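Please consult the sequence and the 3D structure shown below. A briefing on selected local features accompanies them.

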Amino acid sequence: MMLEAVYHRPKQNWAYAYDKQTIHLRLRTKRNDCSQVEAIVGDKYTWKSTVETIPMRIFAQDELFDYWETSVIPPYRRLRYAFQLVDAKTEQNIIMTERGFVEELPEDPNSFFDFPFINPIDVFEPPAWVKDAVFYQIFPERFANGDPSISPDNVEPWGGKPTPKNYFGGDLQGVIDHLDHIAELGINAIYFTPLFEATTNHKYDTQDYLKVDPHFGTNEKLKELVEACHARGIRVLLDAVFNHSGKTFPPFVDAQKNGQQSKYADWFHVRSWPLEVVDGIPTYDTFAFEPLMPKLNTEHPEVKEYLFKVARYWIEEIGVDGWRLDVANEVDHQFWREFRKVVKDVNPDAYILGEVWHDSIMWLQGDQFDAVMNYPFTNAVLDFFGHQTLTAEAFTHAIGHQLAAYSQQVTETAFNLLDSHDTPRLLTICDSNESAMKLAALFQLTYPGTPCIYYGDEVGIDGGGDPDCRKCMVWEPEQQNTDLLAFYKEAIALRHRHEALRSSDIRFVHAGRDASDGTLVYERREGSQRLLIAMNARSTETDFPLQVEQATKWTTLWEHGNAQLIATATKQQDKLMLSLPAYSFIVLQAEA
């Protein structure tokens, strides 16, 4: 047993309160090194009468480690615990306590790990509705032109080639006009990129945080849109750029004009005056080195007061359901802690989503964000299904590592996207292979967390990186990919119908090891519901046997590409023979 690989620490993703009664315990061991792990748990003040041993299960794996987990409901909301590790091959039995490894269980639990108390206020509880949401991201300038009278003077004909600076006249009325399309797709939440007044087509250079951009409409029009969405059971998420403002933001204009004498001088991070660009580098902090986007000093009391007013206004007055926070990792943690309190005081069910592209554990402890944009998931899915640089086995390792990195409630509400206004389109990443795209989307829609579909993917819009990924939405039925649209509707409906597909329980049953073997099989469970998804993400047809837990009957819910199943029952297991042609899938449901 490799003890150097064994790891645990209290709190974060290793020991945490899942709800007000339940503690989740996790332990890491070397992959395939331990045959059994148990948690020895009890109350520290009544140890002898409460001590018990609870089996743990492997809930995730990567190329190096097994990750074990169990749930405990302590009788008095506090817990002392240790771990017992068993290697059946060598008959080695080791106890892990907070002080290290011992061969015999100590009678005194004072050396054990300690979860002091489940304080309800400390329990991280993201909004429950998010677990059932399927988001749709809209880049407003390119979705639909519903009111040509408010379009920019230099507006171009709809459907032209996007550039960094051109306009096509998309607006809020256009979204209202096409809410039926969104609802019929099965969408129940919309994420808008910025709607506030700004000088660019993307609106990430905010001029007025309390005003809808006139080219999109008015505050009243947004309220009309939100109410129309709510009438259809659709939530609305707005994009907030609190890391930086735009060059026309009045406080920045004043600071440029009056220099150090400006009453807004301390609203920004200024290294030297005047505010100018020297050898390509602004004398003030910005987003990247973009002089049009000066970084806000979110530690300044007046800046905080202004931005918190913004956060409240759009929820209280317009009725939006939460915030997506741009460049969230470059803003100080204390600002986000106070921001969370402001937002949750107005609406406890508001969803707070941060844009963080890397490991995000420090923002996901229940005091800042409810979720982040799950780019590690994005990268793994695209590398396997799109770029095809990962084997199926390596893909499961990447996903297993991701599952182990966060608490269960984080996994349940993670924002899982495959493309966006910042990345190439999914169809383009898949090299125009629609079947590969379908497999990527199917995995996204049958995986734990909250999926988000980028507008137009469902009708076959392609495109490279920005600005090509920001093409106008295609509304002419004869120009839409109706087969792809039907697929998205069915995949989303499948997720809505089966609670197991929205649960956190995912188990990889099979993964191909060779570069040419793209077979992947995983199981999703919730209560008595049990689904098996098998897919082949490569061009080589394959037949292979699969051993799974026995079921009374396997029913095919959906298949694509002539995938087939032959099931042979045995006493304790089912031997399933799968036939998976190139880029095919089959979804099965087990009857107990």
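This is a predicted model: local features need pLDDT of at least 70, side-chain atom pairs count only at pLDDT 80 or more; totals for chains, interfaces and linings use all residues.

Residues are numbered from 1 along each chain as its sequence is written, and side-chain values use heavy atoms, with hydrogens and water left out. Helices (H or I, at least four residues) and strands (E, at least two) are DSSP runs, numbered from the N terminus.

**Val410**

- Val410 belongs to helix 10, which covers residues 408-413.
- The relative accessible area of Val410 is 5%, so the residue counts as buried (under 20% relative accessible area, against over 50% for exposed and partly exposed in between, with a 1.4 Å probe and protein chains only).
- Apart from neighbours within four places in sequence, Val410 is in contact (heavy atoms within 4.5 Å) with Phe124 and Leu364.
- Between Val410 and Asn13 there are 9.4 Å in space, C-alpha to C-alpha, although the two are 397 residues apart in sequence.

**Thr519**

- Thr519 is located in strand 24 (residues 519-526).
- Thr519 is buried, its relative accessible area being 0%.
- The side chain of Thr519 makes a polar contact of 2.9 Å with that of His510 and a polar contact of 2.6 Å with that of Asp517.
- A polar contact is a pair of N or O atoms within 3.5 Å; within protein, one must be able to donate a hydrogen and the other to accept it, and residues adjacent in sequence count only if both atoms are side-chain atoms.
- With neighbours within four places in sequence set aside, the residues in contact with Thr519 include Ala392, Met535, Phe544 and Leu580.

**Aromatic rings**

- A pair of aromatic rings is described by the distance of the centres and the angle of the planes.
- The structure contains 50 aromatic pairs, a term for rings of Phe, Tyr and Trp (its six-membered ring) whose centres lie within 6.5 Å; planes under 30 degrees apart count as stacked, over 60 as edge-to-face and the rest as tilted.
- One of these is the edge-to-face pair of Tyr209 and Tyr306, at 5.9 Å centre to centre and with 85° between the planes.
- This pair links distant parts of the chain, 97 residues apart: Tyr209 is in strand 14 (residues 206-212) and Tyr306 in helix 6 (residues 301-318).
- Tyr209 is buried at a relative accessible area of 0%, and Tyr306 also counts as buried, at 19%.

**Charges over rings**

- The charged end of Lys11 is placed over the ring of Phe115, 4.4 Å from its centre.
- Lys203 lies over the face of Phe216, at 5.4 Å from the ring centre.
- A charge sits over a ring if NZ of Lys or CZ of Arg is within 6 Å of the ring centre and within 35 degrees of the ring normal.

**Backbone features**

- Most residues other than glycine have a negative phi, and most peptide bonds are trans.
- Trp273 and Pro274 are joined by a cis peptide bond with omega of about 0°; Pro274 is in the loop between helix 5 (250-258) and strand 16 (277-278).
- Asp466 and Pro467 are likewise joined by a cis peptide bond, with omega of about 10°; Pro467 is in the loop between strand 22 (450-454) and helix 13 (482-497).
- Ala288, which is not a glycine, has a positive phi of about 50° and lies in the loop between strand 17 (281-282) and helix 6.
- Val327, also a residue other than glycine, has a positive phi near 45°.
- Val327 is buried at 5% relative accessibility, in the loop between strand 18 (322-325) and helix 7 (333-346).
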